[in-house]
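User: Hi, I'm new to this one. Can you walk me through it in short steps?

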There are 2 protein chains.
Amino acid sequence: MSDTIAIQGTKASFHDIAASRYFGDNSARIFCDTFSDTFTSLADGTANYALCAIENSLYGSINEVYDLLLRNDLYIIGEVYLRIEQCLIGLPGARLESVIEVHSHPVALAQCERYLDNILPTAIRMEYHDTAASVEMIASLQNKKVAAIASQEAADLYGMEVLAHSIETDAQNYTRFVVLSKLAGGKIHSNKTSLMLQTDNSSGALYRALGCFAKRDINLTKLQSRPVVGNAWRYIFYLDVAASSNDSAFRLAIEELAAQNCQVTLLGSYRSGL
Amino acid sequence: MSDTIAIQGTKASFHDIAASRYFGDNSARIFCDTFSDTFTSLADGTANYALCAIENSLYGSINEVYDLLLRNDLYIIGEVYLRIEQCLIGLPGARLESVIEVHSHPVALAQCERYLDNILPTAIRMEYHDTAASVEMIASLQNKKVAAIASQEAADLYGMEVLAHSIETDAQNYTRFVVLSKLAGGKIHSNKTSLMLQTDNSSGALYRALGCFAKRDINLTKLQSRPVVGNAWRYIFYLDVAASSNDSAFRLAIEELAAQNCQVTLLGSYRSGL
């Protein structure tokens with residue numbers, strides 16, 4: 001039986017492309033409307049895995065996914081980095097200068113903000129739940145003045161025309177996706193660990209917490225703060241560190257964090273996708 | 001001549017309420033559609049000041065505003081903390097159970113997500129550029145099945161009815177607004193400083209940078225990472241620290257950061273709003 005992976009989005013979405021990269025072309029999909037639904041599909045057993053964008057090199061962290069990690073008892077078992085090349089897509093025969101409406105996922109619209117400001121300053125930007133689905137939607141409208149932003153793959157799937165390639169603000173446009181499971185991953189080849197950290201309220205607490213890793217030469221590759229709901233102006237920190245939770249240096253760091261009254265939740269160890 | 005303050009939103013928006021709190025009821029407004037427009041109004045001299053939400057205790061940081069601070073050469077000269085009480089607002093005589101559409105700013109919709117999931121699970125959520133303006137819009141629609149989320153003040157202004165009070169997920173719902181100026185503020189009563197920090201790429205660089213403050217007992221009240229556009233997986237850090245840039249300990253910390261090859265940009269010293 002092949003793996004079934006829950007993703008937010010439809011066929012030819014960037015999530016779909018990332019899932020094929022990690023699990024192969026024969027893996028099945030559960031297509032979900034929201035990130036929350038992908039977590040639910042995994043939690044209730046409909047899917048074996050979920051794959052979820054967590055960060056983009058232009059847009060930054062996807063806060064909703066960090067918050068879902070806090071509320072759900074799931075493990076990160078892998079990651080995929082995907083170069084995101086956004087295309088402006090219209091009906092066959094559409095003309096770029098006639099476009100008055102552009103539909104796409106809000107993250108894709110944000111990634112292409114500079115292009116839209118410069119080339120289509122008066123076009124109305126409409127948010128849609130998925131990049132590829134926005135192409136399907138404009139295909140059904142049959143209005144040559146309405147365009148979408150999505151992958152070349154989505155344009156091909158729906159027989160649409162690419163009006164402009166690589167319209168993202170910066171070519172350094174990569175998205176990091178995490179692979180989620182109800183079970184912790186095997187740690188044999190892991191070299192990266194994600195964790196959540198809450199310090200006590202004392203002065204310098206975050207500095208001392210980071211010291212547990214720094215003094216053992218464990219590099220921090222990401223630090224993201226999120227508010228603690230119900231506790232105004234307190235923060236939880238999401239950390240990615242370049243170590244496996246099997247490493248003795250890592251285990252000593254976690255012991256020292258506990259001694260500092262830090263609450264630590266391990267999200268998983270896995271192989272770096274870079 | 002009274003002060004003119006650029007804000008995102010309209011009359012009776014939370015920005016408007018926060019501006020009155022800081023500048024008094026007689027201050028004038030430039031109402032803008034976007035955060036970017038408020039920065040422009042200040043930069044081109046149309047407004048004397050801008051006031052801009054930067055963080056909410058439930059939703060977290062407003063990334064767009066952090067990115068605007070990076071791109072614009074402006075100073076933070078003050079801050080306001082406002083308790084946000086969201087109301088579900090309909091036409092006079094509207095019934096809560098008949099509501100099929102809810103319009104508001106995406107942040108307000110996110111703040112009330114749990115209420116909407118529980119009480120109005122099938123109602124369609126529609127994003128609008130401003131809370132108070134969404135009330136004006138539904139007033140013009142005259143459809144009792146369409147509601148908005150905004151302040152009590154906005155309901156009163158447009159003669160609408162509050163269908164439910166305090167619908168935010170958590171009563172600890174505060175928004176922090178920053179006051180911006182083209183000129184640095186007077187530092188006499190300042191006890192808080194905001195700055196941007198970019199470390200070099202070495203292992204433990206952030207830990208050493210935070211040590212410049214921790215070893216001088218300067219408390220860090222906020223740390224927010226944002227991606228460096230054009231340099232995938234590098235980050236810039238926004239810090240708020242409990243010190244004035246006039247303090248000698250603070251000045252020594254900045255000197256030590258420079259010696260560590262950190263790039264530091266001071267955003268301003270001001271009086272804490274808490």
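User: Which residue stands opposite H103(B) in β9(B)?
Analyst: A148(B) stands there. Strands here are DSSP runs of E of at least two residues, helices are runs of H or I of at least four, and both are numbered from the N terminus.

User: How many bridges join β7 to β9 in chain B?
Analyst: Three bridges join β7 (residues 101–104) to β9 (residues 146–150) of chain B, and the two strands run parallel. Two strands count as paired if DSSP finds at least two bridges between them.

User: Before we go on, what kind of model is this, and how do I read the labels?
Analyst: This is a predicted model, where local features need pLDDT of at least 70, side-chain atom pairs count only at pLDDT 80 or more, and totals for chains, interfaces and linings use all residues. Residues are numbered from 1 along each chain as its sequence is written, while chains are lettered from A and ligands numbered from 1 in the order in which they are written.

User: Back to that sheet. What is the strand order?
Analyst: The order is β8-β7-β9-β6-β10 in chain B. The five strands form an open sheet with mixed pairing. From one strand to the next, the twist averages 35°.

User: Which helix lies across β6, β7 and β9 of chain B?
Analyst: That is α6 (residues 131–141) of chain B. α6(B) runs at about 160° to β9(B). Axes are lines fitted to C-alpha atoms, for helices over the stretch in contact, and angles run from 0 to 180 degrees between N-to-C directions. Contact means that the C-beta atoms of two residues, placed from the backbone, lie within 7 Å.

User: What about the four-strand sheet, parallel or antiparallel?
Analyst: Antiparallel, in the order β13-β14-β12-β15 of chain B, and the sheet is open. β13 and β15 of chain B are the edges with a single partner strand each, so one side of each has no neighbour in the sheet. Neighbouring strands are turned by 15° against each other on average, direction ignored.

User: How many bridges between β13(B) and β14(B)?
Analyst: Seven, in the antiparallel sense. In this pair, K222(B) stands opposite D240(B) of β14(B). Helix α3 (residues 63–71) of chain B packs on the sheet and touches β12 (192–198), β13, β14 and β15 of chain B. The direction of α3(B) makes about 85° with that of β13(B).

User: New topic. How many residues does each chain give to the contact between A and B?
Analyst: Chain B gives 28 residues and chain A gives 28 residues. In chain B, α8 (205–214) and β13 (220–227) each supply at least two residues of that side. β13(B) gives the most, with six residues.

User: What rotation superposes chain B on chain A?
Analyst: A rotation of 180°, with 0.0 Å of shift along its axis and an RMSD of 0.0 Å. The two copies are thus related as by a two-fold rotation axis. The C-alpha of Y207(B) is the one in chain B nearest the axis, 3.0 Å from it. Copies are superposed by least squares on C-alpha atoms of residues with pLDDT of at least 70 in both.

User: Why do the copies meet through the same surface?
Analyst: Because 100% of the interface residues of chain B are also interface residues in chain A.

User: Is α1 of chain B enclosed or open?
Analyst: Seven of the 10 residues of α1 (residues 14–23) of chain B are buried, so α1(B) is largely enclosed by the rest of the structure. Among the buried ones are F14(B), I17(B) and F23(B). A residue is buried if 20 or more other C-beta atoms, placed from the backbone, lie within 10 Å of its own, exposed if 12 or fewer, and partly exposed in between.

User: Where is W233(B)?
Analyst: In the loop between β13 and β14 (235–241) of chain B. W233(B) is not a glycine, yet has a positive phi of about 65°. With 15 C-beta neighbours inside 10 Å, W233(B) counts as partly exposed.
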